[in-house]
Structure formats: structure tokens, C-alpha cells
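Here are some notes for a colleague who is opening this entry for the first time. Please keep the sequence and the model in view while reading the numbered points.

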Amino acid sequence: MEEDLDEGQTQKGCFECCIKCLGGIPYPSLIATILLYAGVALFCGCGHEALSGTVTILQNYFEVVRGPMDSLDVFTMIDIIKYVIYGIASAFFVYGILLMVEGFFTTGAIRDLYGDFKITTCGRCVSAWFIMLTYIFMLAWLGVTAFTSLPVFMYFNIWTICQNTTAVEGANLCLDLRQFGIVTIGEEKKVCTGSEKFFKMCESNELDLTFHLFICALAGAGAAVIAMIHYLMVLSANWAYVKDACRMQKYEDIKSKEEQELHDIHSTRSKERLNAYT
């Protein structure tokens, strides 16, 4: 009987511990972190593969040749963008962890505000710094989204022409890379409708796959923007709540101190009256 009672108390204690742990999880920050990781992974993975597909299309169908190592051509720019993608993936992986840690500390501070855990001025400054940094990153991701929409627009035009080859049959339409600033004005790198290269490019898997990969990268950048906005809402709400709670804590401390002083004054007067009466 006693063993059953002890087992029941143990299960109850474990259940209460689990409920307490689940209650301390910052769910808004967790959702924003998952959305951020999904968006960054989609942007970096699909963007990297789309750039590789772009290199294949330029070399196979537009006959663009890679220049010397010290020259700044389209292939060098693509390599630089790939390295930037590597940096973005690493940086935002760390930043997501930092925001989650900040969310855990802020949630614990709010829940235990009147306990032993106190919110310091340094902690509030760190929260304000995260708000400012997240706002800057949101603007940066908006710029990345706008930049990613450019290759989507370019590939959409090419893909549309390929999908309507019967409609443009007989028309002399050319895809000139000079229009997109990919090559210099002096280089004539173009593919015209009706040519063998044009039909091979339209029938190849590289064009269709690269186009849809850029669309996925654009969607990932948009998801990262939404995650940054979500983080801003969470951080701002936590900041406002903690600030008001700290003011309330100061008010309670001052009120308690004044009540203690009044109690001491009343006790002193009572003792003086008792002594005078005696």
C-alpha cells in the first residue's frame, strides 16, 4: 500500500515537473525560430542549387566562358554570392539560437519577477539591442527578397517563351544576356527562337529546375521576413511587459518600505505613550 502511494506521488511529481517545464517554453519565439530556420534553409539550399544551374545554362547554351581568375565576371559574382549564402546560413543559425535563449530568459524573468530572479538593467539593454538588431535584419531580408525576385522575373520570361514556342514560331525573338547586364556590351551572347540551342535549352531539365528553385528561394526569403516580423512582435511585447512589471515591482517595494516605516513610527509612538502613562 505504501509502495503504491509512493509511486503515485512520484508520478504526480513528474507530471507537475513536466507541466512546469512546458509552461516555461517561449512558444512565440519557438514558432518564429522554426519559421526562420525553414526560410533560411529554403533560401540557402535552393538559391545555391539555382546558381549552379544558372552556371550550367550560361556555359552550355549561351557559350559564356569563365574569364581569368583576377577578372570580375558573372561566374565570379555567382561564386561570391554562394559564399554569402554560406555566411547567411551560419549567421542566422547562431542568431536563432540567441533569440531562443533570450526568449527563455525573458519568459523566466516575467514568471519569476517577484521571486528570487530579478531583471537587471543589463538584461533590459540586451533585449533592446535584440529589437534593434532584428529590425535591421528584417530590412536586410526585405532587400534580399527584392534581389531574389530579379532572377525569378528573368527566368519567368525565358520559361514563358519556351512554353509558348508555337505562338512565337516565325518571330525572330532573341534572349540577349546584355539586356540583363550579365555580360558586357561588347560581348554578343544570345539565343534566338528557332535555333537548335533554343530548343535544347527549353527541353532541358536545367531551365525548368533552376526556375522553380529560384521561386523556392524567393519563398524562403519571404518566410525569413515573416520570421523577423514575428520576432519583432515577440521582443517588443516582452520588452513592454517586463518594463511595466519592473515599474510595478518598484512601486510595490516603495509601498512596502513606506508601510514598514509607518509601522515603525506607530510602534515607537505606542511605546512612548505607554512609558508616559507608566
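1. How much of residues 83–105 is helix and how much is strand, and how far apart are the end C-alpha atoms? The stretch is 100% helix and 0% strand, with its end C-alpha atoms 34 Å apart, where helices (H or I, at least four residues) and strands (E, at least two) are DSSP runs numbered from the N terminus. Residues 126–147 are likewise 100% helix and 0% strand, and there the end C-alpha atoms are 31 Å apart. An unreviewed UniProt entry places the feature "transmembrane region" at both stretches and also at residues 211–241; UniProt positions follow the numbering used here, feature names are shortened, and annotations may be inferred rather than shown by experiment.

2. This is a predicted model, in which local features need pLDDT of at least 70 and side-chain atom pairs count only at pLDDT 80 or more, while totals for chains, interfaces and linings use all residues. Residues are numbered from 1 along each chain as its sequence is written, and side-chain values use heavy atoms, with hydrogens and water left out.

3. The pLDDT, the predictor's confidence in each residue from 0 to 100, averages 80 over the chain, and 73% of the residues score at least 70.

4. The chain has six helices and two strands, which follow one another along the sequence in the pattern α-α-α-α-β-β-α-α. Of its 278 residues, 32% are buried, that is, under 20% relative accessible area with a 1.4 Å probe, counting protein chains only.

5. Val-74 lies in helix 3 (residues 74–111) and counts as buried because its relative accessible area is 15%. Beyond residues up to four places away in sequence, Val-74 touches Leu-58, Val-64 and Ile-182. The C-alpha atoms of Val-74 and Val-183 are separated by 7.1 Å, although the two residues are 109 residues apart along the chain.

Conventions
Buried < 20%, exposed > 50% of the residue type's maximum accessible area, 1.4 Å probe, protein only. Contact = heavy atoms within 4.5 Å.
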